[in-house]
Amino acid sequence: MVKSFHLSERITNNILKAEKSNFISENKLTHEYSREGKSFHQFVSDCVNQGVISRMDVENFLFESLFYGYQREVYIYQVASCNENCMKPEIFLNILQDKYEYIDDCAYSNIANMAADDEKLVAVKTIYTNDLQRIAKIQLIFKTEVSILRKGGIVKTLSYIPVDWDVNSQILSIKFSPKRHVFDKEKQPERLKIHFIDQLKEMFNIQLNKIAARWPAKAVAQFYFY
């Protein structure tokens, strides 16, 4: 028996309402969505199980929404050096698998099936050079659990941290949409940035220039240095 598909609200809580509406509209399901009155995650789950929407379409939507969606803070680094051999596709994949054994491809996305609290690398997307011998760009999405304070106590939520590494220009950016009222100070954006940057530095032997640009979402045309 094929396991039924379930899209967790813990994941879709990180996606803007407008993007959810666009996804429903693009699949020509606006009338059905309005008529049934279900929550977005339940409606999409039912559509996948009924064969109306494919799992791949949902995974693509999740990737695009979490990677390019609303992030209030973007930290940008200049990569001074890295292990060039890591950019060979087979070596790059081996490095990922040494740390994340469940990664099975350089084009990996399993966001919908990873709604637990543990930290995971939930998606990998790579763009190759014209000769397909090297990787030119890397996009990663990490997931981590964050506890926030709300009326009535502490609530566990998920946060997604996209990393965009343009290997050709050696620009690396890490993005955040910070949670409000974070209980664990180790999960503040500044701490998470250090945590995931350190992982990347270790895996790919990256050396970063000391100055990083912090880009608030409203400051589209300028950088703030710290």
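Colleague: Which element gives the largest share of the lining of the second largest pocket?

Modeller: Strand 5 does, with four residues. Keep in mind that this is a predicted model. Strand 4 (135–150) and strand 5 are the elements that give two or more residues to that lining.

Colleague: How many residues line the second largest pocket, and which lie nearest its centre?

Modeller: The lining has 13 residues, and N13, I148, R150, T157 and K179 lie nearest the centre. The pocket volume is about 220 Å³.

Colleague: What is the make-up of this lining by class?

Modeller: Five residues are charged, four are polar and four are nonpolar.

Colleague: Why is the pair of K125 and E64 called a salt bridge?

Modeller: The N to O distance between the two side chains is 3.8 Å. The cut-off is within 4 Å, for a nitrogen of Lys or Arg and a carboxyl oxygen of Asp or Glu, so the pair qualifies. In general, side chains of opposite charge can pair when their charged atoms come close.

Colleague: What parts does the pair of K125 and E64 tie together?

Modeller: K125 lies in strand 3 (residues 120–128) and E64 in helix 5 (residues 55–68), so the bridge ties together parts that are 61 residues apart in sequence.

Colleague: How do you know whether K125 is buried or exposed, or in between?

Modeller: Its relative accessible area is 34%. Buried means under 20% and exposed over 50%, so K125 is partly exposed. E64, at 36%, also falls in between and counts as partly exposed.

Colleague: What makes the pair of K156 and D117 a salt bridge?

Modeller: K156 is in strand 5 (residues 153–166) and D117 is in the loop between strand 2 (108–109) and strand 3, so the pair ties together parts that are 39 residues apart in sequence. K156 has 49% relative accessibility; the exposed class needs over 50%, so K156 counts as partly exposed. D117 is partly exposed at 29%.

Colleague: How do you know that E36 and K38 meet in a salt bridge?

Modeller: The N to O value is 3.3 Å, which is within 4 Å, so the pair counts. E36 is partly exposed at 37% relative accessibility, and K38 is partly exposed at 32%.

Colleague: Which residues are linked with E36 and K38 in a network of salt bridges?

Modeller: The network also holds R35 and D46. A search of the whole structure gives 13 salt bridges.

Colleague: Which residues make the nonpolar surface patch of about 280 Å²?

Modeller: L149, I154 and F183 make it.

Colleague: What separates the C-alpha atoms of Q139 and K179?

Modeller: The separation is 22 Å, for residues 40 apart along the chain. K179 is one of the residues that lie nearest the centre of the second largest pocket.

Notes
Residues are numbered from 1 along each chain as its sequence is written. This is a predicted model: local features need pLDDT of at least 70, side-chain atom pairs count only at pLDDT 80 or more; totals for chains, interfaces and linings use all residues. Side-chain values use heavy atoms; hydrogens and water are left out. Buried means under 20% relative accessible area, exposed over 50%, partly exposed in between (1.4 Å probe, protein chains only). Patches are made of residues with over 30% relative accessible area and no salt bridge: like charges are joined within 9 Å, nonpolar side chains (Val, Leu, Ile, Met, Phe, Trp, Tyr) within 5 Å. Accessible areas come from the Shrake-Rupley method with a 1.4 Å probe; for residues, only the protein chains shown count as cover. On a 1 Å grid over the protein atoms alone, a cavity is a set of points where a 1.4 Å probe fits but cannot get out, and a pocket is an open set with protein on both sides within 12 Å along at least five of seven lines; lining residues have an atom within 4 Å of a point. Grid points are joined across faces, edges and corners, and a volume is the space filled by probe spheres set on the points. Ala, Val, Leu, Ile, Met, Phe, Trp, Tyr, Cys and Pro count as nonpolar, Asp, Glu, Lys and Arg as charged, and the others, Gly among them, as polar.
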